[in-house]
Amino acid sequence: MGGRGGARLPRGRTEEARPARRPWLAPDAAVERLDGLDVAWLRAHGVRGLIVDLDNTLTDWNEPELPAESRAWLARLREAGLRVCLLSNNRSGRVLAIARAEGLAGGVANAAKPWPGGFRRALACLGLDAGEVAVVGDQLFTDVLGGRLAGCLTVWVRPRSPREFLGTRLLRRLEALWLARLRRLGQLPAPGRPAESPGGPAESPGRPAESPGGGGIRSQPDSQAEGPR
Ligand SMILES: [Mg+2]
């Protein structure tokens, strides 16, 4: 699944000449909470709109309303002129209800992330190109992978709660292995810090990394890197 290894080198090229590739499951940035992702960092990356996951990102799983901290974060984005579209695999009509209640640009439910259809619908909802949009969500296999396949900036946020859909709980076991690997590779960078490759720091292609923004993922010893909570 990752973008590592695989293709043979062209004749005459050495292993050293091959540019380091970021795994497809590696986000551009990772934060402990949504308030670790600030407007300044988004602007520094040319972001004009966001595609945001709902369950365990903005709210606990299947909750009908957003908590105060998520509403405040969305309000800061709105005040900064950034457009937001919800993108959820949840079948519930609550996706559109929450989008309306929060004054967002829209919501896309039944998205089947990471497949591209839902991301295309969300980009159309925002009226923006993929290069102007950040995807924010709590799952590597849906939000981050789908966002990267769509060509967007991606931000992983630690899940709000262990309570979630059964299928998601099973995927979390595999995700935990990936998270531990990404931590070892230094590829869960806080906003403003470039990811590192095993051979040294390696900034994401075409993405500056010069803005502030706290709340990034804290380094954890592998023994504690058991995955999202
Ligand atoms: Mg989620």
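I started with helix α4, residues 116-126, which lies across β2, β3, β4 and β5. Against β3, α4 runs at about 155°. I kept in mind that this is a predicted model.

Strand β2 (residues 49-52) is joined to strand β3 (residues 83-87) by four bridges, and the two run parallel. I found L50 opposite V84 in β3.

Then I wanted the whole sheet: in what order do the six strands come? I read β1-β6-β5-β2-β3-β4, an open sheet with parallel pairing. Since β1 and β4 (106-108) stand at the edges with a single partner strand each, one side of each is left without a neighbour in the sheet.

My next stop was β6 and its partners. Strand β1 (residues 29-31) runs parallel to β6, with three bridges between them, and A29 stands opposite V155. Strand β5 (residues 133-137) also pairs with β6 in the parallel sense, over four bridges. There I picked out V135, whose bridge partner in β6 is T154. I traced the chain from β5 through helix α5 (residues 140-150) to β6 and found a right-handed β-α-β crossover.

Last entry: is β6 buried or exposed? Five of the five residues in 153-157 are buried, so β6 is largely enclosed by the rest of the structure. I looked at both faces and found them covered, with L153, V155 and V157 buried on one side and T154 and W156 buried on the other.

Methods:
Residues are numbered from 1 along each chain as its sequence is written. This is a predicted model: local features need pLDDT of at least 70, side-chain atom pairs count only at pLDDT 80 or more; totals for chains, interfaces and linings use all residues. A residue is buried if 20 or more other C-beta atoms lie within 10 Å of its own, exposed if 12 or fewer, and partly exposed in between; C-beta atoms are placed from the backbone. Two strands pair if DSSP finds at least two bridges between them. A crossover is right-handed if, with the strands pointing away from the viewer, the path from the first strand over the helix to the second runs clockwise. Two residues are in contact if their C-beta atoms, placed from the backbone, lie within 7 Å. Axes are lines fitted to C-alpha atoms, for helices over the stretch in contact, and angles run from 0 to 180 degrees between N-to-C directions.
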